Amino acid sequence: MKTATKYALGILLVIAMFVLAIVVNPNAAFGGTDDLIRSIIQRINPGYSSWFTPIWEPKPEVATLLFAVQAAIGAFVIGYFIGYMRAKTKAQKEKD
Amino acid sequence: MHISEGFLPLFWCIFWYILAIPFVIWGARNVSKIYRERPEQKLTLAVAGAFIFVLSSLKLPSVTGSTSHPTGTGLAAILYGPATTALLSTIVLVFQALLLAHGGITTLGADVFSMGIVGPAVGYFAFKLLRSLRVRIGIQVFVAAVLSDLMTYVVTSLQLALAYPATGGVQESFLIFLGVFLVTQIPLAIAEGILFTIFFDYLSKSRPKLIAQQFGDER
């Protein structure tokens, strides 16, 4: 099997796992585990309330934007690296 | 693994900060050493950090009907060890704590300790062990990435259990927290393992010298 085919199959498998997660849970809310933990803490420890609140909390839309910015920064660096390596390999071949 | 702001008692906030800080300083020294002595590694280091940026920004659906974050620390752990990964994770966690109110400044020490230190350390040592057993390279990377992710959440569960023992003690609440995290996390960890196995294979084909150098003189 060609390397590119193997990579594509691997990535498809990953995507399939997430599609499956959504398909088998048609009615789930898909809440974050981090948020779930807060309610469990209060169940185990009924008197507990947070003693420090975030200095600044973005509105949901702005939070989505900032999460996207975080992902974009990372994706940019990975894309830059792959492009850089590709051009370098090509230049090397042309020199030889 | 992001413990919400204010959701650890002050004692535990300080406790985890004290344990995490030396590793972050060690990581900063590692990074400046890479910049001084092996500048050709800079780009790969940036890519290892970039994976933490991308993957920890995602909330992925799991078969349990909840979502959770992958950690993205596997590649950094394998290539540069847990201390350097601690520094990279700290950058991401500070970004999320200050700009996204995700995690928090009071819980930063605990979050760095789980995601940046123990998770990657277990991944790193598993990688070394499988390497000495001459298991296939793909399996080494896969196991290291999966463990870096899963162990992060095991540590988070332990941190929460220590701070909030149930009536049956720390052990009982550890199992409660682990029950919330672990099952949700398993498919995400496997997905991360597959992605890193692919990327590492690509890396060792496109930069064979760099990979050889990294594993040749790494302690």
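View 1. Just past α3(B), B:Ala101 takes a positive phi of about 50 degrees. Helices here are DSSP runs (H or I, at least four residues), strands are runs of E (at least two), and both are numbered from the N terminus. This is a predicted model, where local features need pLDDT of at least 70, side-chain atom pairs count only at pLDDT 80 or more, and totals for chains, interfaces and linings use all residues. Residues are numbered from 1 along each chain as its sequence is written, while chains are lettered from A and ligands numbered from 1 in the order in which they are written.

View 2. What is the span of α3, residues 74-99 of chain B? Its end C-alpha atoms are only 25 Å apart, whereas a straight helix of 26 residues would span 38 Å (1.5 Å times one less than the number of residues). At B:Tyr80, α3(B) bends by about 125 degrees, the angle between axes fitted to the seven residues ending there and the seven starting there. A proline, B:Pro82, follows within four residues.

View 3. Across chain B, buried residues make up 59% of the 219.

**View 4. The elements of chain B.** Chain B has 7 helices and 2 strands, running α-α-β-β-α-α-α-α-α from the N terminus on.

Conventions
Buried ≥ 20, exposed ≤ 12 C-beta atoms within 10 Å, placed from the backbone.
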